[in-house]
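How is this chain put together, strand by strand and charge by charge?

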Amino acid sequence: AAVLALAAASCSSESSEKASGVIDVAGAVAQAQDLKVSDLGKTIKYVPLETTDSSLVSDKFVLVAGDGAFLVANVGSEFGGGEISCLSFGTDGKFIARVGHLGQDPESYWYPLPIMAPDYKSAYFFGQNMQHYAFDGSYLGKSPRDGFIGYPGVSVAVDTMFIAVRNSRVGKYGPRVFSIYAEGFNSTVVDTTDVIPYPSDQDGGPVMYNELRIYNPKGIMRNGRTSYQEYREGNSVTYQGGRNLESVWRVGKEAVHHRGVLNDTVFAITPTSAEIAYIFDCGEGRLTQQLLEKQEEMPSSSLFVTDIVETSDRIVFAASRGWIRADHTPYVGIYDKKTGETRAGDGYKGFVDDLTGFISFYPITALPDGRLVGLITMDDIDKYLEENPDAKVPAEIAELEEDANPILVIVGD
């Protein structure tokens, strides 16, 4: 495998000028303002996902947007067990099909979280091979090589190949790297490129636990796939990404971006290279790789980005001051790629709906055309109405039953 060493991939808070590609999170948070849905688009649309016996969405799910359909991966229950399946819905919310199935047969997969095909019109799943399915549930075939190059969240399909990015080390105690794996759809050969992006003076020794406590905080964007893991034993603390955290994503149909867990740098990835695409400047509170590897308590003054939704013209993000606990301070923000402007607002308020006057909006994904998508549940609506009894519920969701499936919230121009 080739090895690429990059220049220091973290921003300096001492710079008085914000270069192109530097997202001024610290400055925006210091001048927080109310952010509105109209800052993101001119229209907001509520689309209930059809509720039938065959299309029930579990209490743990991940939403993935395609061209002409949404896929909902049921990934179990908060209390263990639960439904494991993938469901497809049209852009009008109508149920289309159950897509694929778990099992050991030649057409089965091992986990229901899909990655979109390059044209966003079908999806791949991870099993003994990469299994390919249409949104209507039709089986389209599998990759020729047994195995796969990366799990959901770290893999994408672009052009004519799969690309995955996985974090590791050079040797047992060497520097941290991420490795780019590339495999053609019809190939049995995997190309690997190792990238050393994180300068660190910390030893890379293994972490050993005896009496371990694990916490699983979620991201700030409501009902999103972002989650983290906090491992504690005594005074030792390790922070990692949750199982479904998306660290590799596509922007449009060509660009592939990668961000390491809690890192402030986003990389543009090709099958054989990595370049810095942009940096979240979190000022004096930024997390360094050295700080994270010390396995110490995160300072309450820390500032880091938790959630990212990126389109061709903007980045919508959430950030936290302090680790994600009850006493942290959450923010939501927007970075305009054309103007370079960064704005941030109160994460508890989200993007206030100034178009219909209903519940605040939190984007969790984007359609291929750039429209932003959030999701609310009936529990979210009930809680909102308890706090705002005079609020008017939009007509398209006013008559839903208490046990109805979640509702898509789509914001666009």
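Predicted model: local features only at pLDDT ≥ 70, side-chain atom pairs only at ≥ 80, totals over all residues.

The partners of E28 can be traced in both directions. Strand E27, residues 365–366, runs antiparallel to E28 and is joined to it by two bridges, with Thr365 standing opposite Val373 of E28. E27 and E28 form a hairpin in which five residues lie between the strands, and Gly370, in the turn, has a positive phi of about 100°. Strand E29 is likewise antiparallel to E28, and five bridges join these two strands; here Ile376 stands opposite Ile407 of E29.

Together with Asp379, Asp382, Glu386, Glu387, Glu401 and Asp403, Glu402 forms a negative surface patch.

Side chains of opposite charge can pair when their charged atoms come close. The model contains 11 salt bridges by the rule applied here. One of them is formed by the side chains of Lys349 and Asp34, at 3.4 Å from N to O. This pair links distant parts of the chain, since Lys349 lies in the loop between strand E26 (342–346) and E27, whereas Asp34 lies in the loop between helix H1 (25–30) and strand E3 (43–48), 315 residues apart. Lys349 is partly exposed, with a relative accessible area of 40%, and Asp34 is also partly exposed, at 45%.

A further salt bridge joins Arg98 to Glu83, whose closest N and O atoms are 2.5 Å apart. Arg98 belongs to strand E7 (residues 95–98), while Glu83 sits in the loop between strand E5 (69–75) and strand E6 (84–90), so that 15 residues separate the two in the chain. Arg98 is partly exposed at 41% relative accessible area, and Glu83 is partly exposed at 32%.

In the salt bridge between Glu246 and Arg225, the closest N and O atoms are 3.7 Å apart. Glu246 is found in the loop between E18 and E19, and Arg225 in the loop between strand E16 (213–215) and strand E17 (228–233), 21 residues away in the chain. Glu246 counts as partly exposed, with 35% relative accessibility, whereas Arg225 counts as buried because its value of 16% falls under the 20% cut-off. Beyond such individual pairs, Glu230, Arg232, Glu297 and Arg325 are linked in a network of salt bridges.

Ser247 lies in the loop between strand E18 (236–241) and strand E19 (248–251), and Ser247 is buried, at 10% relative accessible area. Ser247 and Pro152 are 95 residues apart in sequence, yet their C-alpha atoms are 9.4 Å apart in space.

Terms used: Residues numbered from 1 in each chain as written. Heavy atoms only, no water. Patch = residues over 30% accessible without salt bridge, like charges linked within 9 Å, V, L, I, M, F, W, Y side chains within 5 Å. Areas by Shrake-Rupley, 256 points an atom, 1.4 Å probe, with all protein chains shown as cover. Salt bridge = Lys/Arg side-chain N within 4 Å of Asp/Glu carboxyl O. Lys, Arg positive; Asp, Glu negative; His and termini not counted. Charge placed at Lys NZ, Arg CZ, Asp CG, Glu CD. Pairing = 2+ DSSP bridges. Helix = DSSP H or I, 4+ residues; strand = E, 2+ residues; numbered from the N terminus. Buried < 20%, exposed > 50% of the residue type's maximum accessible area, 1.4 Å probe, protein only.
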